[in-house]
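Welcome! Below are a few exercises to work through with the model open beside you. Try each task before you read its solution.

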Amino acid sequence: MSVLLCRVAIVQILKEDSAIDFNELLYKLEDVGYENEKAEKQPKTYQRKKEDHEFDLLIDIQKKLVQGKGKYYVRFAKNFNTKQVAKAVLYLKQHDIRSYDDLEKNVKTATERFTKISACIKEKEKRLAEIQVLKKHIFNYFKTKDVYADYCKCGYSKKFLEEHRQDILLHKAAKNAFDELHLKKLPKVKDLSAEYAEILAEKKKLYGEYRQVKKDMQEIQRAKYDIDQFLKNDEEQNKERTRKRGFTL
């Protein structure tokens, strides 16, 4: 089968308005010559780990051959790849993706959406961490305030410092943190806790969307990968057939 026939077949399937199921897709791929050998008794059953998605990435048969896989595995891999391509095309059709250009645009959109929501979650996580650190510094500041005041009153005595080193260091660390944040007035811990709860709720809500967006992106990326590999492998096979014919001339 030529890569042109393969590409035309896929494009035609995507453009069809009529409903189509998995088995029908397999028949259409077979019609243009893509191999889908019938199951035979084999000395070994090959299975792939089931993942939480609608179809898998295609097997790199040439790579498996180099690794020492035999003819039965090759037969399994060819059948497996044909079915995954059929599932990928069915997925695209179900999502109203009618051309390769549409596929590329959808991949880009899905990736950008995932990147955006990921950045939003990271931003909220950063703020949550900042609030936790700030609350800790505020707590340490007031806990050590009197000790530090006595330290100043005694003229920064080395003896007093040795006796209260931990409290004084905590107080200085808190003051440095406030200075870095350019805080003229310390926020109330109650207000920070309320902000933390609000951001945490927003983050949890985003995570529900994040999981779906990530799954959508992975599915369409997987579909594009399978279609690309399908066309690439067929093109390589076509070149090999042409090369062999040239030797026989």
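## Exercises on aromatic pairs and helix packing

This is a predicted model, in which local features need pLDDT of at least 70 and side-chain atom pairs count only at pLDDT 80 or more, while totals for chains, interfaces and linings use all residues. Residues are numbered from 1 along each chain as its sequence is written, and side-chain values use heavy atoms, with hydrogens and water left out.

**Exercise 1.** Find Tyr-151 and Phe-160, and decide whether they are buried or exposed.

*Solution.* Both residues are buried (under 20% relative accessible area with a 1.4 Å probe, protein chains only; exposed means over 50%, partly exposed in between). Next, look at the rings: they form a stacked aromatic pair, 6.1 Å centre to centre with 20 degrees between the planes. Rings of Phe, Tyr and Trp (its six-membered ring) pair if their centres lie within 6.5 Å, and planes under 30 degrees apart count as stacked, over 60 as edge-to-face and the rest as tilted. Finally, widen the view: Tyr-148, Tyr-151, Tyr-156 and Phe-160 make up one aromatic cluster.

**Exercise 2.** How many aromatic pairs does a search of the whole structure find? Classify the pair of Phe-114 and Tyr-210.

*Solution.* The search finds seven aromatic pairs. For Phe-114 and Tyr-210, the ring centres are 5.3 Å apart and the planes stand at 35 degrees, so this pair is tilted. Now place the partners: Phe-114 sits in helix H5 (residues 100–143) and Tyr-210 in helix H9 (residues 189–248), so the pair links distant parts of the chain, 96 residues apart. Helices (H or I, at least four residues) are DSSP runs, numbered from the N terminus. Both Phe-114 and Tyr-210 are buried.

**Exercise 3.** Which residues of helix H6 are buried, and which are exposed on the other side?

*Solution.* Start with the buried ones: in H6 (residues 145–153) they include Val-147, Tyr-148 and Tyr-151. These three cover an arc of only 95 degrees around the axis, which puts them on the same side of H6; the arc is that of the directions from the helix axis to the C-beta atoms. On the other side of H6, Asp-146 and Lys-153 are exposed. Then look for the neighbours: the buried residues of H6 pack against helix H7 (158–163) and helix H8 (165–180), where contact means heavy atoms within 4.5 Å. Just after H6, Gly-155 has a positive phi of about 75 degrees.

Notes:
Helix = DSSP H or I, 4+ residues; strand = E, 2+ residues; numbered from the N terminus.
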